[in-house]
Structure formats: C-alpha cells, structure tokens
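Biologist: I have the two chains open on my screen. Can you walk me through them?
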Amino acid sequence: MPVTVFNKEEIHKSLVEVMDPEIPTLSVVDMGMITGVEETVTGVRVKMIPTFTACPALRVIKEMIKSKVESLGYENVEVQVDDSIIWNSDRITPNGKILLENFGLGTPQRHAGNFGLEEIAHSKCPHCGSEDTTMNSIFGSTLCRSTHFCFSCKQAFERFKPV
Amino acid sequence: MADDELIYGHRMSEWTGMGPIMEEDIAYSSMAQDKIGHALANYSILEKEFQTANPDKLAFFRKENEMMNCQLVELSNHEYDFSLVRHFLFDHADFIRYEMLSTSSFAPLAQLSKKIKGELKYHVLHADTWLTRLGNATDESHVRMQSALNELWNYALGIFEPSDFEAQLIAEKIFDGEKVLQQKWIEKISPIIEKANLKIPTSSSPVYGGRKGYHTDQLQPLLTEMAEVISSEAEGTEW
C-alpha cells in the first residue's frame, strides 16, 4: 500500500467519528480531548488528554483513535497522552454541549477555573429546560457526572460536572 | 502519597454495595475510583522518572513493612460515621497537599497535582456536606460524629509524619513540608468542624510510624485481599 500523505485536516475530521465510550454521542474532539495531530518521521502522532485521571476508558479510547487513523491508510500511528495540558470541562466545544443535552445530560457552565458548590449544584434540566432543579449528589454513574432532580418535569437527571 | 491513595481507595471501595443510601454507595465508589487512579498516576511518575518497578508491582507485591501509607487510611471502615470523619480529615489534607505540590519544582508532580486537586475538590465538598449535616442532625448522629472524631484525631495527625527527606524536599522547593501542610489543614478544617457543632479533641498525640513501614494489624489482611487475584495468575499476566 502506498504511504498516505500527511493531511492534518483529514485526520482531525476522522477523529470526530471516535466517540467517548461513556457518552457515545460525543466525540473525542467535541470533548476537547485531542491536543495535537503531528507528522512524525515514520507516521503520525495524535496527542490527547484524558478527562479524569482515573478514566477507565483511556486505553480503549487510545486504541479507537489509533485504528481510526490507521483506517485512513496511515502507518505507524502513535497515540500519546499529552502531559503538558490539563483537561477541564471548559474544553468541551459548544457543539459538544448540545450533544450532551441531546444525550440527556445537564451541561457544565464555563468557569475559567473559578467555581464553587453553587455552580456545581445548579444545573438546567436537560429534559424540559427548567432552572428549578436540585442536586441529589455530587457523584453519579460515572466519574464525570453528578445526579439531580427537576421540580418542573419531575424527572431525575445526570449532569456532566464542571471540573 | 501513592500508598495513601492506594490503601484509602481500597478502603473506600469496600463501601460499594454497602452504603447506607444509594447516593453514598455511589459517592464512595466514585471516590475510590479516583483514589486508585491517583495512586496509579503517582506510581507511574516513579516508574517513568526514577525507573522503579511498574505500578502493579509497587501496588501488589510489596510487604507490609514496605508500605509508606499513614495508618489513618488503613484502619477498617467500621461504621459509616467513622468512615465519614476519616474521609473528612484525610481528604482535606490530601487536597491541600496537592494544592501545595501544584507549584512544586518537580515538574511531573506539579502537573499531575494541578489535575488531581480539581478532582479532589469534589471529595472535600462531599465530606463537608455530610459532616455538617450529621454533626447538626439528631443527638445520636452528633454523638457518633464526635466520638469518631475523638477516635480518629491522633491518626489524622499521623498524616503529617515527616519523612527522612523532609529537609531536602523543602530546600529543593519540591514540597513546603508536612508542618506547613498541617498548619494549613488545621486552619481549613477548624471552621468546618465548628459549623458541624463538633469539637477538636484538646489533647493530642500523633500516631506516627506509617511513613516508615510500621502499621496496625488491619493493613495486612487488606494487602492480602488486594493481591489475591494478581497472585493467583502467572507472573507477567496483564489484564
């Protein structure tokens, strides 16, 4: 097979199809996990960052990214955890937030590193849009979620927490 | 630090399926997952920067007297009150420790600490919420919280047992030291304990030894259980 010519744009585009295993409608790009796509001497390096230190899906995500880029015809694809950048929820793209809501999760507000219990506790209901909600627990079914209840539509919901 | 996270993470995980209410079951399970992840991240730095054994070996194949965790984290969970007060005492110290280390001259640790402190924020909030709620709830809950605090206080002071490298760490601006950490910790937790209507024990005598490998009889059974699966497999097995 002829070696594919490095095309950063193309690789980046393909990564939009690599979904977060815990939120399968959201890509690693919308999640803000991709920090760089580089050409190396022999192939391609994709740099990425995990959302949480203890993210159990990290290995799977790395493998998914690798095989996606390989499917474009690239060889020697390396997926590297980027130690120079720290993930936070402000990195989720505006499109990512819409996808989170469509998935049924409340979204984190932008915080620029400055937020407390009030911001953590308050979430708009992803089902009916009401602000009349309460937080049941700052933990949820995955590390990135807290659990809430909406007084307006009387539904429990989870929210992607601000981190 | 890594041993603290590892042992405490396993203790927290023992609440999985046993929590007094579902939310607490989930909370302890989530925090356990964070702690073990933090342990792994710390062991990985040791492996990468100092060529130690790999994280699995460090976590599962060391003897009791080679574990450097403070004794506070190895104590059995007892009842929920005991676990909750320990969680409060330990996680505030842990949060401040990582906050201090986020400006460490040792870059890999500084970078990791910036990440971890953001996650620990949730652990601390969780602890504060329940401590103040139960300290002020019924007579029974109040008495239980106070007696757990009395019982755990000296162990908590053992978190700050200085290592033999204390002076060097401070001189090289890697860490400001256990004394500074303890001072910041007291300043942070005192008003919260007061808000919870509880009292810090007046007499204190720190339980040291953990950092040098001396442990209670509650650690070995935990280590045995932790290594039960890995020991049953052929050497080098990976999951």
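**Notes on the predicted model**

Modeller: In this predicted model, B:Trp185 counts as buried, at 0% relative accessibility.

Biologist: Which ring has its centre 4.9 Å from that of B:Trp185?

Modeller: That is B:Phe160. The planes of B:Phe160 and B:Trp185 are at 55°, so the pair is tilted.

Biologist: And where do B:Phe160 and B:Trp185 lie in chain B?

Modeller: B:Phe160 is in the loop between α7 (139-157) and α8 (166-171), while B:Trp185 belongs to helix α9. The pair therefore ties together parts that are 25 residues apart in sequence.

Biologist: Is B:Phe160 buried or exposed?

Modeller: B:Phe160 is buried, with a relative accessible area of 2%.

Biologist: What about B:Ile189, where is that?

Modeller: B:Ile189 sits in helix α9 of chain B, which covers residues 178-195. The relative accessible area of B:Ile189 is 0%, so B:Ile189 is buried.

Biologist: What is B:Ile189 in contact with, leaving aside neighbours within four places in sequence?

Modeller: B:Phe88, B:Leu89, B:His92 and B:Trp153.

Biologist: Why does the pair of A:Trp87 and A:Phe160 tie together parts that are apart in sequence?

Modeller: Because A:Trp87 is in the loop between β5 (77-81) and α3 (94-103) of chain A, and A:Phe160 is in strand β9 (residues 155-160). Those parts are 73 residues apart in sequence. Both A:Trp87 and A:Phe160 are buried.

Biologist: Which residues do ring pairs link into a cluster with A:Trp87?

Modeller: A:Phe52 and A:Phe160.

Biologist: Now the interface. How many residues of each chain are in contact?

Modeller: 23 residues of chain A are in contact with 23 residues of chain B. The two chains bury about 2000 Å² between them, and 61% of that is on carbon and sulfur atoms.

Biologist: Which residues in chain A lose the most area to chain B?

Modeller: A:Thr53, A:Ile86 and A:Phe139. Together these residues account for 33% of what that side buries.

Biologist: How many salt bridges are there between chain A and chain B?

Modeller: The count is one. The side chains of B:Lys48 and A:Asp83 meet in a salt bridge, at 3.3 Å from N to O. Eight residue pairs are in polar contact across the interface of chain A and chain B.

Biologist: Which elements give two or more residues to the side of chain A that touches chain B?

Modeller: α4 (117-121) and β7 (133-137) of chain A. The residues on that side of chain A divide into 14 nonpolar, six polar and three charged.

Biologist: Last one, A:Ser27. Where is it found?

Modeller: A:Ser27 is in strand β2 of chain A, residues 23-27. A:Ser27 is buried, with a relative accessible area of 1%.

Biologist: And what lies 3.0 Å from a polar atom of the A:Ser27 side chain?

Modeller: The backbone nitrogen of A:Asp30. Leaving aside neighbours within four places in sequence, A:Ser27 is in contact with A:Leu15, A:Val16, A:Val18, A:Met19 and A:Asp20.

Key
Residues are numbered from 1 along each chain as its sequence is written. Chains are lettered from A and ligands numbered from 1 in the order in which they are written. This is a predicted model: local features need pLDDT of at least 70, side-chain atom pairs count only at pLDDT 80 or more; totals for chains, interfaces and linings use all residues. Side-chain values use heavy atoms; hydrogens and water are left out. Helices (H or I, at least four residues) and strands (E, at least two) are DSSP runs, numbered from the N terminus. Buried means under 20% relative accessible area, exposed over 50%, partly exposed in between (1.4 Å probe, protein chains only). Contact means heavy atoms within 4.5 Å. Buried area is the accessible area (1.4 Å probe) that two parts lose on being put together, summed over both. A salt bridge is a side-chain nitrogen of Lys or Arg within 4 Å of a carboxyl oxygen of Asp or Glu. A polar contact is a pair of N or O atoms within 3.5 Å; within protein, one must be able to donate a hydrogen and the other to accept it, and residues adjacent in sequence count only if both atoms are side-chain atoms. Ala, Val, Leu, Ile, Met, Phe, Trp, Tyr, Cys and Pro count as nonpolar, Asp, Glu, Lys and Arg as charged, and the others, Gly among them, as polar. Rings of Phe, Tyr and Trp (its six-membered ring) pair if their centres lie within 6.5 Å; planes under 30 degrees apart count as stacked, over 60 as edge-to-face and the rest as tilted.
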